[in-house]
Amino acid sequence: MKLREIVARNLRQLRNAKGLSQEELADRADINRNYVGLLEREQHAATVDMLEKLAAVLEVDPIDLLRSKD
C-alpha cells in the first residue's frame with residue numbers, strides 16, 4: 001500500500017471517529033475545506049506541516065496518520 005493511500009485511509013477513519021465532517025476538520029485546522037477531500041481521495045499529498053496540523057485537530061500523534069494498519 002502506498003503512503004498516500006495509508007494517509008487517506010487513516011485521515012478518513014480518524015475524522016469519522018471524531019464525528020467531524022471534512023468541512024469541520026478543515027475549519028478547525030484553518031485550511032481550505034476542499035483540501036481534506038483531496039487528501040482523502042488521494043489526489044494530493046500532504047506536507048509534514050499539514051499532517052501535524054491535522055493531527056493536532058484530531059488529537060492524535062502525527063505518526064498515526066502514517067502508520068499502516070495492515
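How close do the axes of α2 and α3 come, and at what angle do they cross? They come within 7 Å of each other and cross at roughly 120°. Please keep in mind that this is a predicted model, in which local features need pLDDT of at least 70 and side-chain atom pairs count only at pLDDT 80 or more, while totals for chains, interfaces and linings use all residues. Residues are numbered from 1 along each chain as its sequence is written, and side-chain values use heavy atoms, with hydrogens and water left out.

**How the helices pack**

Two packed helices are described by the angle between their axes and the distance between the axes. Here an axis is a line fitted to C-alpha atoms, for helices over the stretch in contact, and angles run from 0 to 180 degrees between N-to-C directions. Helices are DSSP runs (H or I, at least four residues), numbered from the N terminus.

| Helix pair | Angle between axes | Distance between axes |
|---|---|---|
| α1 and α4 | about 25° | 10 Å |
| α2 and α3 | roughly 120° | within 7 Å |
| α1 and α3 | about 125° | 8 Å |

A crossing is right-handed if the near helix is turned clockwise from the far one by less than a right angle, and left-handed if anticlockwise. Contact means heavy atoms within 4.5 Å. Sorted by class, these residues are three nonpolar, two polar and three charged. In this scheme Ala, Val, Leu, Ile, Met, Phe, Trp, Tyr, Cys and Pro count as nonpolar, Asp, Glu, Lys and Arg as charged, and the others, Gly among them, as polar.

α1 is oblique to α3 given their angle of about 125°. Ala 8, Leu 11, Arg 12 and Arg 15 of α1 meet Val 36, Leu 39 and Glu 40 of α3, a set with four nonpolar, no polar and three charged residues.

Helix α1 (residues 3–17) also packs with helix α4 (residues 48–58). These two are roughly parallel to each other, with a left-handed crossing. From α1 come Val 7, Leu 11, Leu 14 and Arg 15, and from α4 come Leu 51, Leu 54 and Leu 58. This contact has six nonpolar, no polar and one charged residues.

**The two sides of α4**

Which residues of α4 are buried? They are Met 50, Leu 51, Leu 54, Ala 55, Val 57 and Leu 58, where buried means under 20% relative accessible area, exposed over 50%, and partly exposed in between (1.4 Å probe, protein chains only). Seen down the axis of α4, these buried residues fall within an arc of 160°, so they line one face of the helix. The arc is that of the directions from the helix axis to the C-beta atoms. The buried residues of α4 pack against α1, α2 (22–29), α3 (33–40) and α5 (63–66). On the other side of α4, Val 48, Asp 49, Glu 52 and Ala 56 are exposed.

Leu 11 lies in helix α1 and counts as buried at 1% relative accessibility. Not counting residues up to four places away in sequence, Leu 11 touches Leu 25, Val 36, Leu 39, Glu 40, Leu 54, Leu 58 and Leu 65. Leu 11 and Ala 55 are 44 residues apart in sequence and 8.7 Å apart in space, C-alpha to C-alpha.

Asn 10 is also in helix α1 and is buried, with a relative accessible area of 1%. With neighbours within four places in sequence left aside, Asn 10 is in contact with Asp 64, Leu 65, Leu 66, Arg 67 and Lys 69.

**Positive phi values**

Most residues other than glycine have a negative phi. Asp 30, in the loop between α2 and α3, has a positive phi of about 60° and counts as exposed at 66% relative accessibility. Glu 42 is found in the loop between α3 and α4; its phi is near 65°, and at 35% relative accessibility Glu 42 counts as partly exposed. Glu 59, which follows α4, has a positive phi near 60°.

Methods: Angles under 35 degrees count as roughly parallel, over 145 as roughly antiparallel, 65 to 115 as roughly perpendicular and the rest as oblique.
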